[in-house]
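Visitor: I am new to this structure and would like a close look at a single part of it. Could you take me through that part slowly?

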Amino acid sequence: MIRCTNCGYLNHLTATSCQSCRLVLNHKNGSSDSKTTPLPEKVRLQSGNIVPDGQSRYLVTKEIGSGGFGTVYLVKDLHGRDFALKLLHLWEIHPLDQKEVVHRFKREYEAGRVLSPYIVHSYSHGELGGNPFILMDYCSNGD
């Protein structure tokens, strides 16, 4: 696949113009002339997977919810404490929309850094296969 340098659309490697914006694609060794953005990997976590974070590692216990943009997993830290890990499915989002969705996801993380009894607290964030995640309080009785 080759990413259009104008709109970010993923085109077949043999395409001569972008299927989205019709920009002529310049091929050089199987990629476009300008820097290409790495594609996010499809990441589905399962019970028993280990998620590395800069500060610790987390053991995936189970999937606890899924929505239009991602999945939430119950994870445990090395001390056995429960957390929720929200993983954004960036691979499912059109390249033109990815930047805005990631920006909103980062704002969600930052909002969770505010100490309030009315807001689920965010502890850290990171990436898995190019897909952002947020580590947050686990609310056993719902959201």
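Visitor: Leaving aside its neighbours within four places in sequence, which residues is Val75 in contact with?

Guide: In this predicted model, Val75 is in contact with Tyr58, Leu59, Val60, Thr61, Arg81, Asp82, Phe83, Leu85 and Leu135, once its neighbours within four places in sequence are left aside. To place these contacts, begin with the strands: β7, which covers residues 70-76, pairs in the antiparallel sense with β8, residues 82-88, over seven bridges, and Val75 stands opposite Phe83 in β8. Both strands belong to an open sheet of six strands, ordered β5-β6-β7-β8-β10-β9 and paired in the antiparallel sense. At the edges of this sheet stand β5 (50-52) and β9 (122-128), and because each has a single partner strand, one side of each is left without a neighbour in the sheet. On average, and with direction ignored, neighbouring strands here are turned by 35 degrees against each other. Helix α1, residues 95-111, packs on the sheet, where the helix touches β8, β9 and β10 (131-137), and its direction makes about 20 degrees with that of β10.

Val75 also has a place in the largest nonpolar core, which has 14 residues; Val75 is among those with the most contacts inside this core, together with Leu45, Val51, Tyr73, Leu85, Leu87 and Leu128. The elements that give two or more residues to this core are β6 (57-66), β7, β8 and β10, and β8 gives the most, with three residues. Apart from this core lies another, of 10 residues, including Leu88, Ile93, Tyr109 and Ile134.

Conventions: Residues are numbered from 1 along each chain as its sequence is written. This is a predicted model: local features need pLDDT of at least 70, side-chain atom pairs count only at pLDDT 80 or more; totals for chains, interfaces and linings use all residues. Side-chain values use heavy atoms; hydrogens and water are left out. Two strands pair if DSSP finds at least two bridges between them. Helices (H or I, at least four residues) and strands (E, at least two) are DSSP runs, numbered from the N terminus. Axes are lines fitted to C-alpha atoms, for helices over the stretch in contact, and angles run from 0 to 180 degrees between N-to-C directions. Contact means heavy atoms within 4.5 Å. A nonpolar core is a set of buried Ala, Val, Leu, Ile, Met, Phe, Trp, Tyr and Cys residues joined through side-chain atoms within 4.5 Å. Buried means under 20% relative accessible area, exposed over 50%, partly exposed in between (1.4 Å probe, protein chains only).
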